[in-house]
Amino acid sequence: MAASLRLTGSLVPDGPARFDPRRDLRAVVDLLRLGFGRDLAPQDLRWLDGLSRISGASLTLQSMANGLPGAGEATGQVYYHDGQLVGNVSAFRCGRDVWVVANVVTHPAWRGQGIASRLMRLAIQDLGRRGAHQLQLQVRADNLAAQKVYASLGFWRMNSAVALRLPAHSLGRRTFQTLGAGQLLRPFHRRRDRRAVQALLDRAGELDRGGPTSQLVQALDMGVMEGLDDWMSGRRRRTMVVDSSTGPLAIGTLLNQGRIGPHRLEMAADPDWTGRVEGALLDGLLSLVATVPAQDIEAEVDARAGGPLASLLWAGFRRSRTLDRLALDL
Ligand SMILES: CC(C)(COP(=O)(O)OP(=O)(O)OC[C@H]1O[C@@H](n2cnc3c(N)ncnc32)[C@H](O)[C@@H]1OP(=O)(O)O)[C@@H](O)C(=O)NCCC(=O)NCCS
């Protein structure tokens, strides 16, 4: 693996350079494998295998936007030493002036020498020039090295999300929660529900939880183009709401990413109703899983959201990690 991190000939100068997919993509894939090591989940490894087979016209940084459905324009910074790739930072536009930073990695033999900090500073300058007003990223709460890099650059913590996982072929234990009089579970209608659901997400703290990375926030903006993008990429998403005479009380999305997997599930509830409606919503979302290819289901909920978390644990989901969502305002 290490051999493919090295480029033959002097194609790049030592130090930082803007990511060039034709030159760098394969080496970046190997660096991600090496740098993230055992932190990579099986689907991450499948994604990296897929990336290393990409060639020709499809060789773009965009192909790396795994886990960021709806991501638009992409860019990145790499760092070479003596023809060897030793550092990488990628960034994806998600929304008009918000970019998500991902794939931050330094070769294990080159850590602690300021490479990640330098690449991040270059990325921040570059994205500022491209009109970014905010950068967002997710980092494990226990990743002290990365936390230190981001804190020193001025990133602040928007909040934390708990990631949970339900293995493929497990249908999840039903909560059998019954909804109250006048409440019903139904599909989300973007045009009709958008305004009320936006207010609900605001009350639930979901809007400041990291808009672009939230499938629930994305559901608000899913138009024809985004639907087409999903379809072309083999993704299907179903969003449901628990409705009542006073408006929606909870919303949940199940994103089926086809063979890339895993499915992704997110839920948020009105703070006044939390604990009383998510069970029924989760039962509804899990019943959709029976109709799609078997994959693990990864759920992500606000760490403060007791109701959604309790219903996921009841259904058989297991906590996998706590992720901090950080932002930098430019
Ligand atoms: C996180 C990572 C990218 C940092 O890369 P790096 O090039 O070593 O970072 P830098 O040298 O720029 O370090 C910046 C600061 O973090 C500190 N730091 C680096 N590694 C550290 C560690 N293991 N523990 C504590 N602090 C650490 C440095 O001392 C430096 O602080 P200082 O300026 O006060 O001295 C690297 O450890 C890595 O690739 N980790 C695995 C992949 C990963 O977790 N990526 C982040 C995903 S969100």
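Modeller: A nonpolar core is here a set of buried Ala, Val, Leu, Ile, Met, Phe, Trp, Tyr and Cys residues joined through C-beta atoms within 7 Å. Please keep in mind that this is a predicted model.

Biologist: Which element gives the largest share of the largest nonpolar core?

Modeller: The largest nonpolar core has 81 residues, and those with the most contacts inside it are Ala-91, Trp-99, Val-101, Ala-250, Ala-268 and Leu-281. The largest share of this core amounts to seven residues, and these come from helix 4 (residues 115-129).

Biologist: From which domains does this core draw at least three residues each?

Modeller: The 81 residues of the largest nonpolar core include Trp-99 and Ala-268. This core draws at least three residues from each of two assigned domains, namely domain 1 (2-132) and domain 2 (163-322).

Biologist: Why is strand 5 largely enclosed by the rest of the structure, and which residue of strand 5 does Trp-99 stand opposite?

Modeller: Strand 5 covers residues 134-140, and five of its seven residues are buried, so the strand is largely enclosed by the rest of the structure. Strand 4 pairs with strand 5 in the parallel sense over three bridges. The residue of strand 5 that stands opposite Trp-99 is Leu-135.

Biologist: Which element gives the largest share of the shell around the ligand?

Modeller: Of the 20 residues around the ligand, Thr-106, Arg-111, Ala-116, Ser-117 and Ala-145 come nearest. Two or more residues are given to this shell by each of helix 2 (21-36), strand 4 (98-106), helix 4 and helix 5 (144-153). The largest share, six residues, comes from helix 5.

Biologist: How many residues of the shell around the ligand are charged?

Modeller: The shell around the ligand comprises 20 residues, with Arg-111 among those that come nearest. When these residues are divided by type, 10 are nonpolar and eight are polar, while the number of charged residues is two.

Biologist: What percentage of the contacts between residues at least 6 apart in sequence join residues at least 24 apart?

Modeller: The protein chain holds 10 helices and 12 strands, and buried residues make up 42% of its 330 residues. Among contacts in the chain between residues at least 6 apart in sequence, the share joining residues at least 24 apart is 72%.

Key:
Residues numbered from 1 in each chain as written. Predicted model: local features only at pLDDT ≥ 70, side-chain atom pairs only at ≥ 80, totals over all residues. Buried ≥ 20, exposed ≤ 12 C-beta atoms within 10 Å, placed from the backbone. Helix = DSSP H or I, 4+ residues; strand = E, 2+ residues; numbered from the N terminus. Domains from an automatic or database assignment. Near = placed C-beta within 6 Å. Nonpolar A, V, L, I, M, F, W, Y, C, P; charged D, E, K, R; others polar. Contact = placed C-beta atoms within 7 Å. Pairing = 2+ DSSP bridges.
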